[in-house]
Amino acid sequence: DGDGKIYFTDAPLKGKDFQLEWKRTAKKIVDEKAAKVVAMGRRRAAASAQPLPARRARYARTIEMVASQHNLYPELLHAVVRTESAYNPSAVSSAGAIGLMQLMPGTADRYKVPDIWDPVENLRGGAKYLRELLDMFGNDLRLALAAYNAGENAVIKYGNRIPPYPETQRYVRKVLQFLWAERASAGS
């Protein structure tokens, strides 16, 4: 409008102060969204149709590289990825977390992840966050994992202890179990 305010509407606005800047038909928008949903569903189905060992193998080298860049054990990243997404780069949680490391969009922004859907960038952002959490909690892996799941403020709120959230407590146990399995299979 004349004051520089932008209005989004599905009906024309009346008044001499309004200027139409951009218009698309509703059918075109619906068709575009439907095509994206179908494509995303196909990617998810294809990614999750492979057996877990094949999905793991697909990202093993990248995980080793990213772990090395962030001074993390590859087995730890494998355990987190397996817990978070089961190596499905198209995974989306009910809370809106995305990708292999299940990054929330705000976390992705915080760690300057340019494309949250890109598996390598998602891994880098998640590894950077995990490294920061380990540093924040004195390399206490259980607290860092709890913070990865529930947020660092939740861990701090409960006196640098695992928050009493059943989901977070299960999450920490599950990642640690996968970590022990990774270490056993790697012989480390």
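Author: Contact here means heavy atoms within 4.5 Å. Helices (H or I, at least four residues) are DSSP runs, numbered from the N terminus. The model is predicted: local features need pLDDT of at least 70, side-chain atom pairs count only at pLDDT 80 or more, and totals for chains, interfaces and linings use all residues. Residues are numbered from 1 along each chain as its sequence is written, and side-chain values use heavy atoms, with hydrogens and water left out.

Reader: Which residues of H6 and H8 meet?

Author: On the H6 side they are Leu141, Arg142, Leu145, Ala146, Tyr148, Asn149 and Ala150; on the H8 side, Glu167, Thr168, Tyr171, Val172, Val175, Leu176 and Leu179. By class, this contact has 10 nonpolar, two polar and two charged residues. Ala, Val, Leu, Ile, Met, Phe, Trp, Tyr, Cys and Pro count as nonpolar, Asp, Glu, Lys and Arg as charged, and the others, Gly among them, as polar.

Reader: At what angle do H6 and H8 pack?

Author: Axes are lines fitted to C-alpha atoms, for helices over the stretch in contact, and angles run from 0 to 180 degrees between N-to-C directions. H6 and H8 pack at about 125°, with axes 9 Å apart. They are therefore oblique to each other (under 35 degrees is roughly parallel, over 145 roughly antiparallel, 65 to 115 roughly perpendicular, the rest oblique).

Reader: Which element gives the largest share of the lining of the second largest pocket?

Author: A pocket is an open set of points on a 1 Å grid where a 1.4 Å probe fits, with protein on both sides within 12 Å along at least five of seven lines; lining residues have an atom within 4 Å of a point. H8 gives the largest share, four residues. The lining has seven nonpolar, six polar and four charged residues.

Note on methods. Helix = DSSP H or I, 4+ residues; strand = E, 2+ residues; numbered from the N terminus.
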